[in-house]
Every structure is written in structure tokens, then in C-alpha cells.
Amino acid sequence: MKNSMGGSQRPHHRTRIVGRLSLLTAALLAFAGCSAGQNQPNNEISTIKEDVEKLRGANGLFRMPEGGDQERGDLYTTALFSENLGSYLPSSQVAVTAVGTTVMEQDTTDLLTLWSALKLLTASGGDMAPEIEAKLARVAVPPKQTEVGAEISALWFWIDVSRMHDWSRTDRNAAAGAVGTRLDDISVTSISDKPYLLWRLYDSYSALQRAKPADLERALRQVDIKSLPHDYESTLDFQAALETKSTLKKDLVVPNDAKAHIVQLIDQGLVNDDALIDSMLRSLQLLGAQEDAHELVRNRVAVRIDKENGLVRAAALENGSVHATYLASRLLDTSFPDIANDRTKQELERVLRTAETDTLTRLKALVALKRSGSEAWHDYAAVVGQAQANIPATVTADNLNQYVELIDVLVQADPSTPLSSLKSFDAQADNESSLSKALIALSNSMYFKNSAEIRSMFPAVQSKLPELIANRGTGLNYFRALTAMTSASLSGLDSNDFDSATQKLQALKGCKEFSSLYRLQTDEATQCSLSLSAALIAVPGAYDLGATK
């Protein structure tokens, strides 16, 4: 099958700027004891809301002013277009490097990332490292979804991985049998009016070489084109109708202006969801308009190739992200419902319904939806359990970063989340990497079962805290030190040192468009950072937020 037919949320890729800041955010937000006092007349809440409102994207979610998570080419977007890129396809070496960076550095890898990695390696002819093989061998069957569309989507991605990787002669045959049984449990009648789900279910059976229900083919033969692509479902339904025509040799009336309509949508930049662009390109191919498809790839996709990593950037640069929306909800706290409109909530729910989206992104969407004031977050509470299943029993220096990022979001969704213990490790104050990890551990000590023990760990790092606090810097370890101080029982620092440090923060406040947000650099011409701004809500004096909880 050429296309995933899925229209999935872009996965949460940790890029250079935002990736480094995410752990800072977790470290600082953990100490947040104050919230936006909505009824306080003399505070910054109105200004912060105005600044965050400027970041609203076309999809209702909010954007990162620093843009770091939107500038780099990413694995998923490149994989989507891998069969369309032709001469623009990354070389096998570039693909191997990209996969290694994205997959091999992760402790756990979600199904969509593995699908993306395998699809790109297959298209480019890149060799699969043993570590990738091991992760594929361990990839679990997705948990059963209550919503039928999410169930079909989740199973399809697992099946497509097995199709590309050929598990037919391995011990995964038993798992494939279980997946087939779940396909059999799906009621065709319940999706008879959704051609794209019918087609995806049909393709799943084909990939498993499993006998299809008789009513499935009958339902597909009833599919026709109700409208030209104009929104999410109509785009996928249009492709599904064409796929059915091609596979089942079905008569189908196709509007004469279908090709021109699709070309215009893509060529004029009216579509900014890459899954939909990919679906439209596939439709053009099925309509025999290969040259039009190639021209659009050259003009609208290849131009987005990141020269630094060789991958394709996402089209949705004007769209907001779940990560940024989550940060906005943490920054505004009880005032977040004031700016979370219906479009925001609808998009968060769409992400939560998309089973192939990575767990951390869905968890952040859940927290943002909960903070928006919507009661619909209760419908997706199963995401919490899925995330809790990824909590390691013991945390070491090697998996500290991943644990902190996960647990910080988890406790927002479920304060009763079980915590793990941190195994002590050696940290030298003159080594930036080990200094960073020690500060993260100290700042997040409350997220460990042995929190009291952690506050007395890392004596060399704790003795350096006065120097880090006194000499205002712009490196991330400076900001981490601000919150590590309150958990560092061996540092000798007191509240006067803390007050002095927070006063110095004011020199980093404000940038060209956002007077209430903070920036990483002293240069006022540099961009503000939503990650940093959300994190600094934990530092007394960083904002005037009125009343405290």
C-alpha cells in the first residue's frame, strides 16, 4: 500500500532548542507553587494572555516563538513522502544517521517512530542497525482502543511494520494472529459510512493474508465519491474510493475537475497537514497524474528539505503544537480556559483519538485539555495508564532525562502516579553533562521515592551552586541551578541568595513581540522562549501572578 491513509499527528521529536529546554521546563515547573490569580487587578496575567494569544496557530493550538521544534526536518514527515521524493530522497547514509539519531538514543520507541524509521530505511536502501532490529523484535501490539477508528489505525501501523519487516517466519506470528482476531472483532456495519476506515481495514487483512469478511468487500463496492477533497475526512475518503476502484476494479464516477482541484489545493499552499498532502499525491497517482504529482513534490515538498539533516520539514509551520499548548497551559494555569477556544479543544481531542501518536504527546494533550476546562479529558484517561507502563523501576544517569520528562507530565494528569527511585551516580561540577544531570535530579527530587536521599547527593555540584547562582548566565545549567537550590541541603544558600538571583532574571525578560516572556540570551533582539517562560513560573519574582494557591 502506498499511503498510510491515516492522517496522523506529527510525533514529538526532540530538536536542538526545544529538546534541551524540555528538561529544564520539567525541572522548574516541578517547583511551581503559584498560579495565575484571575481576579487580581495588579498582575501580569492579562499581558501574558495577550502574548500567548499571538502564538495561536491555524489549527487552534499554540506555537513556540523560538520555533525550534518546527525548523528541523523530521523522520516522520520524510517517511510519509519517501515513495514520492524520487531524486530528492535522502541517501542511505543520511537515512541511517537520521534513524540512529531519532530511534537509537531513545530508551523506549513508539510504534509510529519505528514505522517511520523502517519506511525511510526501506525506501533509501539503508542498512538496519542491530539496535533497530532489537527494538522491532520487541515492539508490542498496540493496546485495544475503544474508538473503532483508533483501533483500526493502531492495528494498521503495527501490521504495516510487520509487512515491511517480514515477521512471517519469526515468533511474531502468534502476535499477528492476535491482531487478526482483533480485526475480526471490528464491526463493518459501524464504519460503513467511512470509506477510509473500510479501506484501511481491507488493506490490513490483505497484509496479514487473512480471509476478509464478506461484508467488508460488499461495503467497499458501495463506496463512491461524495465530494472533492476539502477537509480531513473528505480527503482520505477520496483516496479510499480511488484505491477501491484500482484494487477491486470497481466502476467509479470521478469528477472531471478532480485533478485540477487537488493540484490547486497543494500548489497554492492551502493544505498544511503532511498526511493530507501525501494522501492527495497518492490520489493524483491513482488518477494517472504522475507528472502533476512530481511537479508538486518538487515545488512544495523538496523545498522543505533541511540542509542540515537531509530530512523534510513539516508543512504545518503555521500550526501550533501539542507541546507548545501544554506549556501555555502550564504558564497560564487557571487562566488557560480564557484562551483555550473550541478549536483548541477539538484539536487536542483529535490528537488524543489518534492512537499512533506517541504516548508522551497524547499525555501532554490530555493535560492541556484538562487545564482548558473541558470535561472531555475523562474520555481519554486510558492514556495515563499507557504512559505509566513506561515508568522504569529504577532511574539511573542514563535514563534520568527520559524519566523526568515523562513523570513531570504524568503527575499533572494523575497525582497518584507511582514514583521510581534514583540510583546514585558520580557527578563532577566541572563537567557540563554530569553537572546538568545532577541539577535535574536535585530539581526534581520530589519525583523520586528516595527524595530525601537525593537532596544530599552530589556534594561537588551542590558546593558549586553559589557560584552558578551569583554569576548570572544564559546556559541551561544556570536556570536549572535556580530551582536545584531549594533542594540542595549541602549548598549553604539561603533565601537572600535566591531573591538576588531572581532579580537578575529581569534582564532576560521581554523580546520584540512578547513583553511578558523570557529569552535565553541577554541580547534583546533574540527570540523569547515559551519553554523557558513556562519554566520560570516556578521562580518567585519572575512574574507578578497575583494570588497564590
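Visitor: What covers the buried residues of α14?
Guide: The cover includes α4 (75-80), α12 (232-248), α13 (258-267) and α15 (290-301). Buried means under 20% relative accessible area, exposed over 50%, partly exposed in between (1.4 Å probe, protein chains only). This is a predicted model, where local features need pLDDT of at least 70, side-chain atom pairs count only at pLDDT 80 or more, and totals for chains, interfaces and linings use all residues. Residues are numbered from 1 along each chain as its sequence is written, and side-chain values use heavy atoms, with hydrogens and water left out.

Visitor: What makes α14 largely enclosed?
Guide: Of its 13 residues, 12 are buried, so the rest of the structure largely encloses α14. Among them are D274, L276 and Q285.

Visitor: How do you know that the span of α14 agrees with its 13 residues?
Guide: The expected span is 1.5 Å times one less than the number of residues. For α14 (residues 274-286) that gives 18 Å, and the end C-alpha atoms are 18 Å apart, so the two agree. Helices are DSSP runs (H or I, at least four residues), numbered from the N terminus.

Visitor: Why is T78 called buried?
Guide: Its relative accessible area is 0%, and the cut-off is under 20%, so T78 counts as buried. T78 lies in helix α4.

Visitor: Why is D333 called buried?
Guide: D333 has a relative accessible area of 12%, which is under 20%, so the word applies. D333 sits in the loop between α16 (322-332) and α17 (342-353).

Note on methods
Helices (H or I, at least four residues) and strands (E, at least two) are DSSP runs, numbered from the N terminus. Contact means heavy atoms within 4.5 Å.
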